Amino acid sequence: MSLTTKTEELEASVVRSGDGPMTTDQGIGIPHTDDSLKAGQRGSTLLEDFHLREKITRFDHERIPERVVHARGAGAHGTFQVYRPLAEYTRAGFLNDPARVTPVFARFSTVVGSRGSADTVRDTRGFAVKFYTDEGNYDLVGNNIPVFFIQDGIKFPDVIHAVKPEPHNEIPQAQSAHDTFWDFVSLQPETTHHTLWNMSDRGIPRSLRMMEGFGVHTFRLVAADGSTRLVKFHWKPLLGVHGLAWDEAQEIAGRDPDFHRRDLWDAIDRGAFPQWELGFQIVEEADVLAYGFDLLDATKLLPEELVPVQRVGLLTLDRNPVDYFAEVEQVAFHVAHVVPGIDFTEDPLLQARLFSYLDTQLTRLGGPNFHQLPINRTLVPVSNHQQDGIHQHMIKDRRADYHPNTIEQGCPALSPDGFVHVPAPLTGYKTRERSETFLDHFSQPAMFVESLSDPERDHLTEALRFELGKVTRADIRERVINDILVHVDPILAEDVGRAIGVEVAAPSEPRRAGTGRAPMSPALSMVNTPHDSIATRKVAVLITHGVHSADVTALQEALEPSGAVVALIAGSLSHVVGDDGSIFVPTASFLTTSSVLYDAVVVPGGADSVDALSHLAVVGQFVRDAWRHCKPLGFAGGSASLLVAQLPARMSIDHPGVAIQDPWLGVVESDVVDDTFLAQFQDALRLHRAWARQVPDPIPPVARTRATAAKEAEPMANA
Ligand code: HEM
């Protein structure tokens, strides 16, 4: 089985506009489609115009219900290949044969917003992968955050109703920064961990290609001998994990609402195929409670420092869809789609999901036969006694549709090697109690906050200030600080509380200490993911007539072979003539683009060009925004004056104690673009952002102020 198999299988359903002349849905040729059939040139339209009626009817019914959650998404085809046989853990065929190339389809999504909402909103991202294996379809339906809001699926409608637009006015769209969401959080401490991840930079990814993915639940792997182990699934992006700045994310939402969708599409189109390694954290069944928390609790993660992630295979996305609706919209993922060798656990969140997906898809995709849609079809033959239903595509040639039967000679025969549920022992009495082992809601959020780098912690503080600052009811703000955040991290609570008018009260009960956490988990910080490549980073090079041609060429020749994308930005789309007469064709103009759409900005030298650019307000904004958003900046031939003119005046005076230590961090300057310039610039680009350059919030965080004060006190003590 190979990718070609699924591609070819899909190809059979592809219809191209050049495949034949225009017809109605009944195949009747259409010679004229621009005027309806009327009683005379200026007369009423006639009911018998079947072409008009069909055309309008079909248009009227083009929309299907959007997903009730994860409505906005982008998808791509690709392959998965395991590195080595994993027979000691699982009998799943696609995880045992390194030679086997398993076709996949992946869909990434936001959770909250409607189909037409913007890509860069603060939210969890769905990360769903359908493996078309030779034992049937396996769906790994995960998120880019390793924990979930709630522990029991019965709370899913509650948390989603809380975070979706408010019911009376349907405001706000695709935002958690509103009263109902934070009301729920303030009353439901189990939401704390996921909420803090959402408020961190994980909630505003730079790219879908630069996100981790997590299966979230603990699943079971089943070996051929029937032995089982618990597993946490991970996707590790080869490009590392990187975020946007919040201000930038909001601006992108206006400048290019399709930013993530476009980024995924363009990368695949260019041949820069996104890749992730599949990771396993394996735990013996007996150790389900060995790590200080319950592995059945989806609000907890298993620190990688306690159980390392084994990298077991490679996912590559290498083909864009042909038809968004047919593929990305109609794809139907379901956690219940498992193959022999992978099984469920008793996690009550997972158990509810096992019901929900098929149920919702019956409505969304209009009946029980959507598994026959090309994108959902298995590569293996499907044979059973399921019958009829709306949109049945199969013509089943049989005389008996039940089991057992003699009339069809017992067919279809049972599959002796098929899926058998693990005979996991279950004991208990009927109850709606929450397990004691699920009740620690603050230790792991504390570990998460403590594991963040300083800039990440600052971003988290600012995000909480923003979100809670939008909450209009004071009692909700008060509860989030004093019932939730103070139990996680009193300094964080104070930092946020001061900005939203809430005094921190001493926690009424001490935090349940020590359970389910390493003191720190460095793996949780995005800083500790790969920063070793400039591949697919977008660099805006600002040019106009008289630009030093050698600078532009040097940039292109150095950056493009490493996979970076160099975009020439000019005042218009007309050709630009360099100082040696070279002609440059701009990629985009200042009229339509903005620095928020790039990872870095360079202004090459050339006296005339630098002078002309310095008179354009839009260029000032370009440079200022790139600086504010901590992006690498390069200036040649004296063009750094453009930045100097844009730096906020009296920065350190405005923010005593939290001055930006080095406003030139990540900024490279030189007379010409030479090897040193290029090396330094690429180093800055590899690091993604110089976050330490960030202009602090007007209300400096307590943590920083204290740290700075301590530093200032140090020399005095020495003296
Ligand atoms: C660990 C927790 C969860 C994760 C990681 C998760 C992930 C996802 C993802 C990635 C999708 C989008 C699938 C796609 O691209 O088509 C999705 C859709 C959905 N999820 Fe979840 N989800 C979780 C919990 C739940 C729970 C607890 C429920 C309900 C009890 C639920 C109900 C749904 C529904 C109804 C959809 C829409 C499916 C469709 O219309 O095709 N999810 N979820």
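Modeller: Helices (H or I, at least four residues) and strands (E, at least two) are DSSP runs, numbered from the N terminus. The model is predicted: local features need pLDDT of at least 70, side-chain atom pairs count only at pLDDT 80 or more, and totals for chains, interfaces and linings use all residues. Residues are numbered from 1 along each chain as its sequence is written, and side-chain values use heavy atoms, with hydrogens and water left out.

Biologist: How many cavities does the structure hold?

Modeller: On a 1 Å grid over the protein atoms alone, a cavity is a set of points where a 1.4 Å probe fits but cannot get out; a pocket is an open set with protein on both sides within 12 Å along at least five of seven lines, and lining residues have an atom within 4 Å of a point. Points are joined across faces, edges and corners, and a volume is the space filled by probe spheres set on them. Here there are ten cavities of 30 Å³ or more. The largest cavity has a volume of about 170 Å³ and is lined by 18 residues, with Pro146, Phe214, His234, Leu301 and Leu302 nearest its centre. Strand S7 (residues 228-237) gives the largest share of that lining, three residues.

Biologist: Which residues line the second largest cavity?

Modeller: Among them are Arg72, Phe108, Asp119, Arg125, His260 and Arg261. Strand S1 (73-82), strand S2 (102-110) and helix H7 (259-270) are the elements giving two or more residues. S2 gives the most, with three. The space in the second largest cavity is about 80 Å³. By class (Ala, Val, Leu, Ile, Met, Phe, Trp, Tyr, Cys and Pro are nonpolar; Asp, Glu, Lys and Arg charged; the others, Gly among them, polar), its lining has three nonpolar, four polar and four charged residues.

Biologist: What is the volume of the largest pocket?

Modeller: It is about 1,600 Å³. Its lining has 45 residues, and Thr378, Val382, Ser383, Asn384 and Gln386 lie nearest the centre. H9 supplies the largest share of this lining, three residues. The classes there are 18 nonpolar, 21 polar and six charged.

Biologist: Which protein donor does the iron atom of the ligand have?

Modeller: Donors are N, O and S atoms within 2.8 Å of the metal (3.2 Å for Na, K and Ca); water is not among the atoms, so sites may look incomplete. The only protein donor of this iron is Tyr357 (OH), at 1.9 Å. Tyr357 is in helix H9 (residues 348-364).

Biologist: In what order do the strands of the open sheet run?

Modeller: Two strands pair if DSSP finds at least two bridges between them. The six strands run S15-S12-S11-S16-S17-S18, with parallel pairing. Strand S15 (588-589) and strand S18 (667-670) are at the edges with a single partner strand each, so one side of each has no neighbour in the sheet. S11 (residues 538-542) pairs with S12 (residues 565-570) over five bridges, and Val541 has Leu568 of S12 as its bridge partner.

Biologist: Which residues of helix H13 are buried?

Modeller: Buried means under 20% relative accessible area, exposed over 50%, and partly exposed in between (1.4 Å probe, protein chains only). In H13 (residues 490-499), Leu492, Ala493, Asp495, Val496 and Gly497 are buried. Just after H13, Gly501 has a positive phi of about 70 degrees. In helix H16 (residues 617-628) lies Gly620, which counts as buried at 9% relative accessibility.
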